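What follows is a short walk through one structure, from its surface to its core. Keep the sequence and the 3D view open while reading.

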Amino acid sequence: MKISKKILELLHEQIGIEANASNYYLYVSSWCKVSGYDGAAAFFKNHSTEEREHMMKIIQYLNDLKIDTIIPQIQKPAQKMKSLEQACKTSLENERKVSKAIDRIINTAQNENDHRTNFFLEWFVHEQIEEEDLFESILQKFEVIGRDKLAIHEIDKILEKLSHKSS
Ligand SMILES: [Fe+2]
Ligand SMILES: [Fe+2]
């Protein structure tokens, strides 16, 4: 096998992390839609698709190395969203956890001189910087525009625009 058992284990875990992220964003999108935030619903739906693509990238990487992948079970997201701001906060927290998970695989790959995996994960490092930036800037909007109904409506429109960008 072209990668170590440990790296394989971590990459399998990462497939699960990306799948769970996709599932979580799908739940948030559905909650937004039902709550009347159409822009946010579109934004999170696209984000769910992106996370699935991240999962697919890892599967593709392993398959290119002729390694069979384990497709994990996905978790049921906690169904307790209370506000759009909370959804964005939780998203940022989750993205930070994902960044840490990626860092961990990179550290292991570097310790093992696994340049192949290290190089492969570089894309994810850039992606995580973007994702954290994105949610940080969305959260800032609540500080700048506010949290009353009109402000939330404005933020929903901003998310609508962002959803066109990422798709
Ligand atoms: Fe991801
Ligand atoms: Fe993400």
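The model discussed here is predicted.

Start with Lys82, which is found in the loop between H2 and H3. Lys82 has 9 C-beta neighbours inside 10 Å and is therefore classed as exposed. In sequence, Lys82 and Trp31 are 51 residues apart, yet their C-alpha atoms are 9.2 Å apart in space.

Move on to Ser99, a residue of helix H3. Ser99 has 17 other C-beta atoms within 10 Å, so this residue is partly exposed. Apart from neighbours within four places in sequence, Ser99 is in contact with Gln128 and Glu132. Between Ser99 and Glu51, which are 48 residues apart along the chain, the C-alpha separation is 13 Å.

Now turn to the interior. In soluble globular proteins, nonpolar side chains tend to be buried together. In this model, the largest nonpolar core contains 34 residues, and Val28, Cys32, Ala40, Phe44 and Leu84 are those with the most contacts inside it. At least two residues of this core come from each of helices H1 (5-35), H2 (38-64), H3 (84-111), H4 (115-145) and H5 (149-166). H1 provides the largest share of the core, with 11 residues.

Cys32 shows how some of these residues meet. With neighbours within four places in sequence left aside, Cys32 is in contact with Tyr37, Ala40, Ala41, Phe44 and Leu84.

How values were computed:
Residues are numbered from 1 along each chain as its sequence is written. Chains are lettered from A and ligands numbered from 1 in the order in which they are written. This is a predicted model: local features need pLDDT of at least 70, side-chain atom pairs count only at pLDDT 80 or more; totals for chains, interfaces and linings use all residues. A nonpolar core is a set of buried Ala, Val, Leu, Ile, Met, Phe, Trp, Tyr and Cys residues joined through C-beta atoms within 7 Å. A residue is buried if 20 or more other C-beta atoms lie within 10 Å of its own, exposed if 12 or fewer, and partly exposed in between; C-beta atoms are placed from the backbone. Helices (H or I, at least four residues) and strands (E, at least two) are DSSP runs, numbered from the N terminus. Two residues are in contact if their C-beta atoms, placed from the backbone, lie within 7 Å.
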